[in-house]
Amino acid sequence: MSHFYQPFQPTLTKTGLVKFGLSLKQIPASGKLKGIVYSYLQITAKKPTPYFVIPDGTQSIFISPVSAKLGGPHSKLFNVQLFQPGQYFGIRFYPGMMTNFINVALSEMTEQLINIQDLLPSAYHSLSEQIFQTSSFQKRVSICEEWLLKLIKPKSSEKFNHALSSIYQCRGDKRISSLSTDVGCSSRHLNRLFQMYTGLNTKQFMQTIRLQYASQQLFRLKNTSPDLALSLGYFDQSHLLNDFKKHFLISPYEFFERFRSDFYNSGNP
């Protein structure tokens, strides 16, 4: 199911990394964590810089030399400020998969960054300290994998997984009533499942996936033509623009400019 979805973050594109003076190492999860953890990544910042994250339905753990924080469900663009030059580590979980590790209502963590130590006081064991005791990216990944495998308590719902797969395949462009019929449960029950596993209701999650695909296409094509809006499942261009501003807090043009480096804007190869 997870192979249907590749979350898009413009900060992590080639142009975004150059724009903010960042370098990136990233590898997918393997073994028992494949399909649960999307990737492990390491960002190196040359100077203090913003690190913008757009809504993608995932949860992430952001790890610095002094703390480890869980990003709760977000419906709007947010900034994880990198206050110092240096390395930052992260774990990205596929949508709905964080519940395999914590028994906390994600819906109560919306638009927040929460200290992992507060959520998992008995299992934390200074995760950030362990990671930054080594300079090896691969060893850091191994430390995280070992930590996650000790915590994992598989939690799954066939109906939720069915709904996820359907949403990924239609890129979020589907009526909730139709999705409920496909899955074989009421819209109310489906809503409860999405709030339990993602912290978002069904409509919010589907909007997130549709905007994910829209942002990828807009970033690649660099235009907001009426035909593009229709192809993305929007009634017209104004609906796309309004949805974009509501969740990303900026217009598509400002979106392009924020993540496009001066180097690439100048026309250099």
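Which helices are included in what covers the buried residues of H10? In this predicted model, the cover includes helix H8 (202-221), helix H9 (226-231) and helix H11 (252-258).

**Helix H10**

Helix H10 is formed by residues 237-248, 12 residues in total. From its first C-alpha to its last it reaches 16 Å, close to the 16 Å expected at 1.5 Å a residue. Its buried residues are Leu240, Asp243, Phe244, His247 and Phe248. They lie on the same side of H10, because the arc they cover around the axis is only 100°. An α-helix has 3.6 residues a turn, so residues that are three or four places apart point the same way. After H10 comes Leu249, which has a positive phi, near 70°.

**The open sheet**

Six strands make up an open sheet, in the order E1-E2-E7-E4-E5-E8, with antiparallel pairing. Strand E1 (22-28) and strand E8 (113-115) are the edge strands, and each of them pairs on one side only. From one strand to the next, the twist averages 25°. Helix H4 (residues 137-151) packs on this sheet, where it touches E1, E2, E4 and E7. The direction of H4 makes about 140° with that of E2.

Strand E7 (residues 86-93) is largely enclosed by the rest of the structure, because six of its eight residues are buried.

| Strand pair | Sense | Bridges |
|---|---|---|
| E2 (residues 37-45) and E7 | antiparallel | eight bridges |
| E4 (residues 59-63) and E7 | antiparallel | five bridges |
| E4 and E5 (residues 68-71) | antiparallel | four bridges |

Individual bridge partners locate these pairings along the strands. Gln42 has Phe89 of E7 as its bridge partner. Ile61 stands opposite Ile91 in E7, and Ile61 also stands opposite Leu70 in E5.

**Loop residues with positive phi**

Glu111 is not a glycine, yet its phi is positive, at about 60°. This residue is found in the loop between E7 and E8. Is Glu111 buried, partly exposed or exposed? Its relative accessibility is 39%, and Glu111 therefore counts as partly exposed.

Arg171, likewise not a glycine, has a positive phi of about 55°. Its place is the loop between helix H5 (158-170) and helix H6 (176-183). With a relative accessible area of 43%, Arg171 is partly exposed.

**Confidence in the model**

What average pLDDT does the chain have? The chain averages 88, and 93% of the residues score at least 70. Residues 263-269, however, have a pLDDT below 50. Beyond near neighbours in sequence, that stretch has eight contacts in the model.

Methods. Residues numbered from 1 in each chain as written. Predicted model: local features only at pLDDT ≥ 70, side-chain atom pairs only at ≥ 80, totals over all residues. Heavy atoms only, no water. Helix = DSSP H or I, 4+ residues; strand = E, 2+ residues; numbered from the N terminus. Expected span 1.5 Å × (residues − 1). Buried < 20%, exposed > 50% of the residue type's maximum accessible area, 1.4 Å probe, protein only. Arc of directions from axis to C-beta. Contact = heavy atoms within 4.5 Å. Pairing = 2+ DSSP bridges. Axes fitted to C-alpha atoms, helices over the stretch in contact; angles between N-to-C directions. pLDDT = per-residue confidence, 0-100.
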